[in-house]
Amino acid sequence: MYSVLWLFDTLITLYVWILIASAILSWLVAFNVVNAHNPIVRSIGEFLWRVTEPVLAPLRRILPNLGGIDISPVILIVLLYFIRNLVFELVAGA
């Protein structure tokens with residue numbers, strides 16, 4: 001059972017790092033630090049967008065408009081850690 005928990009924890013941690021990488025890449029593209037027309041940057045950005053957007057889009061519809069600030073990745077990270085801790089408590093308490 002601990003192997004399943006370890007895998008669950010690893011997948012959540014990996015997804016959190018993907019969310020962070022996606023946010024950082026979007027900032028770098030927005031501030032013209034990296035060129036979005038570069039094929040490598042474009043492929044990395046496309047991968048990150050395809051992995052994160054299906055989860056972030058419903059959150060963006062629920063959250064209020066804060067101008068140009070997108071806090072949906074932060075909310076998702078908090079939710080992921082909450083779910084992880086909840087699963088650990090439920091399994092440890094059983």
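**Entry 1: I12.** I began with I12, which, neighbours within four places in sequence set aside, is in contact with L80 and R84; contact here means heavy atoms within 4.5 Å.

**Entry 2: the model.** I note that this is a predicted model, in which local features need pLDDT of at least 70, side-chain atom pairs count only at pLDDT 80 or more, and totals for chains, interfaces and linings use all residues. Residues are numbered from 1 along each chain as its sequence is written, and side-chain values use heavy atoms, with hydrogens and water left out. The chain's average pLDDT (the predictor's confidence in each residue, from 0 to 100) is 94, and 99% of the residues score at least 70. By element, I found the lowest mean in α3 (94) and the highest in α2 (96).

**Entry 3: α1 against α3.** I looked up helix α1 (residues 2-30) and helix α3 (residues 72-93), whose axes come within 10 Å and cross at roughly 175°. α1 is therefore roughly antiparallel to α3, a label for angles over 145 degrees. I listed the residues making this contact; among them are L5, F8 and D9 of α1 and R84, V87 and F88 of α3. By class, I recorded 15 nonpolar, no polar and 2 charged residues; Ala, Val, Leu, Ile, Met, Phe, Trp, Tyr, Cys and Pro count as nonpolar, and Asp, Glu, Lys and Arg as charged.

Definitions and conventions: Axes fitted to C-alpha atoms, helices over the stretch in contact; angles between N-to-C directions. Helix = DSSP H or I, 4+ residues; strand = E, 2+ residues; numbered from the N terminus. Parallel < 35°, antiparallel > 145°, perpendicular 65-115°, else oblique.
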